[in-house]
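Trainee: I would like to learn how to read the features of a model like this one. Please give the general idea first and then the case at hand.

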Amino acid sequence: ASSPRLFLVSSGEMNSPQAKLKRARDAEVKEATDLKKFKADLLSKVIVKTIVKEQTNTQSVTALRFNHLPFASGTSGTSAKPEDTNLGNLFATCGGDFATVYDDEHFGDHVAVVAQFKNEKTKHSAGGELTAVAWVDARGFTGHEFGDALLAVGGGNDNAVQIFSVAEARVVRMLKGHVGSVVALAAGAAASSADADTSAVGASRLAVLDSNGTVTVWNWRTAQVVCAFKAGDAIALEMPDEGDVVITGHADGDVVVWPVAVEENAEKKRAGAGAMAGTVGNVKALARDETQPAAVTVNLAGAHTGVAVDCVRCLPGDRLATKSVDGVVCVRGARSSPASSAAATTWKVPGFVKPKKHELRSALSSFGCDPLGEFLAVGNSDGETFVYDVNTGLAIKTVKQDRDFKGLNAVRAAAVSRDCRRVHAAFGPGVVWRAEVVPGLDDEEGPGTPEEA
């Protein structure tokens, strides 16, 4: 079920002051002689200015993802195609039984709710708490004039994954049968000729990691299982644009690359994988699939040895970024050659408190990067958010808040906007903090923290 609150704003639909502001910012970018330095200067000046309070008061927002799909930045001129969208202004969150889509750009200093999904109990769904979100490729799936954005939301009492159309404010696909609760989602962004629906424009693959350690790769457009396997103690999930592999982060510190191959009887095998996976409550008890000989452990030169890896991201330029629960971040090249000894940059984010083993699943956190993979935002256990240069690991900005949310101080998710003018962080009782560039107020303190609900 979804709420009736909906409006979709494309780059061509903005008020005159906002259009003027966009032209001014476009001119600044055009005049910049060193675009990366220009963006770094912007990020160094962000301060907390906007505080979004979501509809959960007892827990943090658990996921925050920008629509950084490769086509989401839009195209212009003769290269533009009808199926291309310009929806990189959108970001999505989930907390409690709500998933919310926001517009981060077209309303000046404000963040606007575009659409909201409430996972209520219906004849199709058991309802319940949502735990993961991922943007999937909407091209060729819906025919709206200004494009559509599709958000996959996972969780609930039936462990379902639902594909939600932002333009239509309704569920357009339902993927069921996951044995354990949904831990993470990841989607590709390029068409695969190996999929059954070869006529589809854009990506069709969506990977789901559940708490039984089972990874299920779906063709979400046809609601068919492509393949399934046991990933053991996996707690993090990623899929590159090509959708040809799945990458998992593990409780023992490993990062593993698994090939995606279309399998016969994949649905039957998936049921068996879920049943044999092991004890849900103890990730260390789960065994990896011995029938996957092509799986390769990524050579990270010991960056996360023995420490759980809870976030993995593919970056442009064949790079892979990983984070462990002690705050160590590693960015290595040659992602497509995972066993090789590739050059890597590693640094440690201060202020991380490593969770106890029995608290691991409830303490997972994620970082976010801009679409070019030049900058990385990540938060620590004490409500601080950091922005780093991905190539050097040098800190560009630290955003701090004084408010004490006790057990909800940890930043569960952080993200960077596509123009590098805003940094988002999720921590506190259903709170999303937006730090942004405010002319004339560089490095000054932002607004006070609202009272706890």
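**Strands and sheets**

Mentor: Strand 7 (residues 130–136) has 6 of its 7 residues buried, so this strand is largely enclosed by the rest of the structure. Buried means under 20% relative accessible area, exposed over 50% and partly exposed in between, with a 1.4 Å probe and protein chains only. Helices (H or I, at least four residues) and strands (E, at least two) are DSSP runs, numbered from the N terminus. The model is predicted: local features need pLDDT of at least 70, side-chain atom pairs count only at pLDDT 80 or more, and totals for chains, interfaces and linings use all residues. Residues are numbered from 1 along each chain as its sequence is written, and side-chain values use heavy atoms, with hydrogens and water left out.

Trainee: Which way do strand 7 and strand 8 run, and how many bridges join them?

Mentor: Strands of a sheet pair through backbone hydrogen bonds, either parallel or antiparallel. Two strands pair if DSSP finds at least two bridges between them. Here strand 7 and strand 8 (residues 150–155) run antiparallel and are joined by 6 bridges. Ala134 has Ala152 in strand 8 as its bridge partner.

Trainee: How many aromatic pairs does a search of the whole structure find?

Mentor: Rings of Phe, Tyr and Trp (its six-membered ring) pair if their centres lie within 6.5 Å; planes under 30 degrees apart count as stacked, over 60 as edge-to-face and the rest as tilted. The search finds 10 aromatic pairs. One of them is the tilted pair Phe66 and Phe91, 5.3 Å centre to centre with 45 degrees between the planes. This pair links distant parts of the chain, with Phe66 in strand 3 and Phe91 in strand 4 (residues 90–95), 25 residues apart. Both Phe66 and Phe91 are buried. Phe427 and Trp433 form a stacked pair, 5.0 Å centre to centre and 15 degrees between the planes.

Trainee: Why does Trp433 count as buried?

Mentor: Trp433 counts as buried because its relative accessibility is 3%. Phe427 is buried as well, at 2%.

Trainee: Where is Thr62, and which residues does Thr62 contact beyond its neighbours within four places in sequence?

Mentor: Contact means heavy atoms within 4.5 Å. Thr62 is in the loop between strand 2 (47–53) and strand 3 (63–66). Apart from those sequence neighbours, Thr62 is in contact with Cys94, Leu130, Thr131 and Arg412.
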